[in-house]
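Dear colleague,

Please find the structure we discussed below. My notes on it follow, and I would be grateful if you could read them alongside the coordinates.

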Amino acid sequence: MRNRRNFLKQSLFGASAMTLAPHMFANPITGNPPRRFIFIHKGNGLFPSALVLPTLSEGDKAKESRKEPFEVALKSHSLPEWMSALNEHKESMTILQGLSGKMCTTGHHTWQSSLGVYKATERPSSIKWATVDFEMAKLFPSPMEHIELACFPTGGGNARGNINGIEKGFSARGPQQPNYAFGSPKVAMQELFKSVASNKNDQIKYELHRKVLEFAAQNQSGLAQNLGGVEIAKVANYASSIDAVRERDRKLEAMSDVIRKHVPKLDAKYFADDLTTIDRQIGHAEVLLATLMAGMTNVVTLTLDELGTPYTGITDLEDETVNLHDVGHGKPAGKFAALEVREKLRRHHMAVINKIVSKLKSVPEGGGTMFDNTTLLYFPDNGETHHSNGVEWPFIVLAGKNNKLNTAGKYIRLPGYGKEGHKTLGNWYTSILNAYGNPIPHYGDLDLALAADGINQSGSIKQFLS
Amino acid sequence: MFILTRFIFSLICFCTILFGAHSQSIIAAPGVTLSEVATVPANVKAVLDSNCISCHGEKKQKGKLRLDTLSALSGDARLELLGRAQEQVLFQEMPPEDEKQPGSAERKLLYDWLRSEVLRLGGSDLEDKLRYPDYGNNVDHEKLFSGQIKDKAFSPSRRWLVRPQIFEERTLDIFTVPPREMIGLRKQGFYGVTNPFILPDKAGVRDYDNTALDGGHLLLLLNNAEWISNKQLLPARIKKGEVKADQFENPKDKWNPKVIPAAFEKIVLNAAKPTDAEINDAIQAQFDCVLQRKADDKELAKYLKLTRSAIDLGGNTEGLRQMMVTVLLESEFMYRQEFGDGKPDASGRQMLTPREASYAISYALGDRRPDAKLVQAAQSGHLSTKEDYRREVLRLLDDKSYFEDKLDKSLDGGKENISIVTSHPRINRFFRDFFGYPNALKVFKDINRSDGYYGNPGRGTSGTPGKLVVEADMLVDTAIKQDKHVFENLLGTEKFFASPVENAVAKMTSLNEVYEHFKDAKWQTPPKDKKKPPSTLSAEDIAFIRKRLNYNSTERDLDIAMTHIEHFKKLGMNPNPVWAYPFGIHKLMPHVSSYNLSPPNWEYPKEQPFKIDNRKGILTHPAWLIAHSANTATDPVRRGRWVREKLLAGRVPDVPITVDAKIPDDPHKTLRERLEMVTLKEECWKCHQHMNPLGLAFEMFDDFGRYRTAESLEHPDNVIEKTKAKYGADTYKTAPVNAKGYLDGTGDPKLDGEVKDSIDMIDRLAKSKRVRQSIIRYAFRFFMGRNEILSDSQTLIDADNAYVQSEGSFNAVIVSLLTSDSFMYRKPASL
């Protein structure tokens, strides 16, 4: 018998339908805590030289400058001063140098490139497939699937109109499907926590939303009756998708006690429309933590800044709006040279990351802490510098003890671009995906120039998985 | 009764010859799990015994396949095998041609059993797959055009998901916008609306009726509905004073509709709760805006209840808006509806309703809703006969403005504005889809290998492939406009566009005049003054150059122009009219290198299109060649497959899942030789024979689309000279190109046979009846949104005749298809 229920079971196979399939929201049968991933990226490049450990031996320094592979234990070294906020997390930390990403550089702005490993541009048609964060979200499903937060740019070639709104983000759900990101802690709070809204207006809005979906689901289900053959899919599939959104809402409602417990209790300044960039980042970090702790999602992507983000609230530059593009071109801001401004920003980023990691370490879970099951990646959206060429793509990774890559506690320098054993961003993401259950042979586009040099760039980085 | 095991063994053997490549993987060891077996009806066993077992039994194992038991086969392998066997039987690929063939009843019996087994094991329904574009050629070509099929043609009653362009138009139609403003909106789109629909990239017809709305679409539709409904109410909210007209939440999103339905405004402005009549008016208004029809009584009652309760909860404005969102989520907004109505005829067919017909015709010829005359025809009962359809189709084909639009807005970006504008973009789109040349934009190239002339698409530019695609679009547009021997022209033209500019001859004349006027004068600006040259020209001279160069030209422009002109004069050429101001000669259309023209030293033709040596038709156009190439090499297999499937209505079986096709590295061999090293093996040749001999004829072109007689053996061992240029190419040893091929499958012995290269092959293809009919089959799919079935035979024959009798008019094909029974009649799918 091919009734609607049976049909829906069979027809919910598309990637996007999967994202809304009701069964995907169920907690793992095993009862094991989920794995969580936090992707944090920044604009204007990240100088590899800034990540070099100051206490490296002369031999390792020489290797570093020649881009020759080596690794050292972080516990035996001091971190660069601007990373000092992470001193306590050295055993969970990786500084990864030597990846390249020439296949995903498009100059100043890179759109979804750094997460998708292809050249994304302003055209949605350039998005080739789901970005890696969405792939991870598929492996570890949750009611909200994936949450993206961003300090949007308002200038440059990638500007958004409303930095406090919900706008196209830097992740992609699938081919030609840019994701939408929350631009301010306020709008993120309103949307993500609307099921437990305490404000009367928000409660009414949520009720109306429920009403509309209920009506639409019934309406479309009605259309599916009396249809036969392939025609049933065309409306039944849609009706089921609406049902799946309702199911997601129901799940969130069922979790309302937990969610309510984790609603960020932020100072009013974080809910202002004219909050500084620094406060926006802190506010986003709070929202990020709340959604993870409440179990609403297992994957969050945060854009700390992009080249066109007007920076405000920087320590000692409180009265300035710093233009990152100018900083990229070496222009000073206030009394600080461009390099000093860069360092100030990185220092703040580390403080945000420390806040996230420390909080997760304080939340008990499964005999350990939430951080044990969390991996956080911090990286530039366009490689090594302002006008990036993608030969280097440094990463800072913080991963709890249950992570499946053996990179924690190390400074790792991989062979330089074009050298034997060189690895790309695609290899790196393939390693993460393979480690956590996606057997994809290779994630991302290949670098044609490396291919011409005969360098095999397909697959995972084996030494990270052993 | 037999047990299944035995017969699965037979069936695996049955298709081993074709899938020998992975035969090793399905050899099983002894040991049957009885719970996995099922009985085989005696009549099915009899068919297998008489047709299969002799070659694939216990005594003989063709293809080295032996299967005593099933236990060593995974469930997936077993299922895959049965599925493939099902295909073999359906497409009559087994038993081999030179063996005794089962009768049609026997074949049907075996097929039905295989199908039931595949479905029982959880496999996909082959008949379902047959609705997809890749399976279009499975219907027997000879039968389709034999004239023996007398079944009445129809299309199934259906919903057909709107294509991206129709979605854009439907969204624009929600608002009442003056025509001038509409032009701008069409170009920019709405800030808050994301098109949820995409079409596949593959060459061939892409807009089929078998796609269903899913969760991914819904997420975007919810966002879109929020934005649209907020905009729909904004003028009323401004009037009420809730929002200021000059204040924008989002400074990048300042567009507001000027006019909204009065029914909306009334409810927003009213302090009291609206009456039922007022709510009904608003519902009707939203139905009209979104679904372009009135709500019926049942719908009105449902929506009234919803709106009333939403208003009670959220107030007038928010309650009203929720109703508007809900209408925007109606699946009817995203689907075209074609069900037919009236008394079914003897074949159970019903004609499209006049309203459905008006949309079907309008969406066949364009992306916009029916124009006023078509609506009038539908409403006045003048859209119910073949003649009515013909009249309206001819009228709309003749109307050069209603559907006029840019062909491909995605080619424009940044400062580029290169897409052509055409009267019926949808007709051009058929040839774009069919040939697949726009896919050149998706193939990234290593710039250095091109010696630096090639630019990949990037931010604000569609790069070299964008320009080549536009020039291919121009070729297609020219053929469509001429509308004589369209297929033959597209396949066989020797004339191409390369950076065409308007008034080229006049521009060349102007530059020559400037040269003659100043050649003996001192026009050079000293380097130190280049940035700001002193005023040295007389007022007359300034007037002279401003008339011929730019309205504001100065001494500096004269310097640049004369440098440019002199370059060509020294070569004995006319100055190139594409004067890349202010960059000078070295930025002159680098993309024309793909045609083997050598900027800046090439003589610009006085007329475009113009003859380019060593090329013939769109299959030798760089855009097509790049679209059908790999990142760093040509792709003879893909090119051959395209010819087999698109021009010869042929079919190439899917790549067996166990095949990991890889061309071996050998620094001393050409790609052709390396390809042959792997594909000439018997098990590979079964499929590759259908592709390689066709595709290798294109080896006379490299993967950038350049004609060549020698192939660079791009391997580190073969480097003769390393480039010193940042984006230069290394020089490698070369080997002569062998572009010989073999054409088969035209059904015409005068055309089939060895070809010396692709030009020879194209000459023959352009003369082939089979090729003409194959293109007609694709045109059918494009306009019907589905694969043809045998009952469409008369429709195809009529379209083919229309083409022949009109001396190759594609418009005649369109008229024939859109007045066919396949287009006009619907038949419900069985429940």
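The largest nonpolar core has 168 residues, and those with the most contacts inside it are Phe264(B) and Ala779(B). Please bear in mind throughout that this is a predicted model. Helix 13 of chain B gives the largest share of this core, ten residues. Leaving aside residues up to four places away in sequence, Ala779(B) touches Phe430(B), Ala799(B), Val813(B) and Leu817(B). Another core, of 102 residues, lies apart from the largest one; Leu74(A), Tyr118(A), Ala181(A) and Val287(A) are among its members.

The interface comes next. Here 43 residues of chain B are in contact with 50 residues of chain A. On the chain B side, the elements that give two or more residues are strand 4 (158-161), helix 10 (215-240) and helix 13 (297-328). Helix 13 of chain B makes the largest contribution to that side, with nine residues.

The C-alpha trace of chain A spans about 75 × 50 × 45 Å along its principal axes. Of the 466 residues in chain A, 54% are buried. Among contacts in chain A between residues at least 6 apart in sequence, 68% join residues at least 24 apart.

At 1.5 Å a residue, its 25 residues should span 36 Å, and its end C-alpha atoms are 37 Å apart, which agrees. Several residues of helix 7 of chain A are buried, including Leu208(A), Val212(A), Leu213(A), Phe215(A), Asn219(A), Gln220(A) and Leu223(A).

Finally, a word on confidence. The mean pLDDT of chain A is 88, and 93% of its residues reach 70 or more. Over residues 1-29 of chain A, however, the pLDDT is below 50; this stretch has 47 contacts in the model beyond near neighbours in sequence.

With kind regards

Terms used. Residues numbered from 1 in each chain as written. Chains lettered and ligands numbered in written order. Predicted model: local features only at pLDDT ≥ 70, side-chain atom pairs only at ≥ 80, totals over all residues. Contact = placed C-beta atoms within 7 Å. Helix = DSSP H or I, 4+ residues; strand = E, 2+ residues; numbered from the N terminus. Core = buried A, V, L, I, M, F, W, Y, C linked by C-beta atoms within 7 Å. Buried ≥ 20, exposed ≤ 12 C-beta atoms within 10 Å, placed from the backbone. pLDDT = per-residue confidence, 0-100. Expected span 1.5 Å × (residues − 1).
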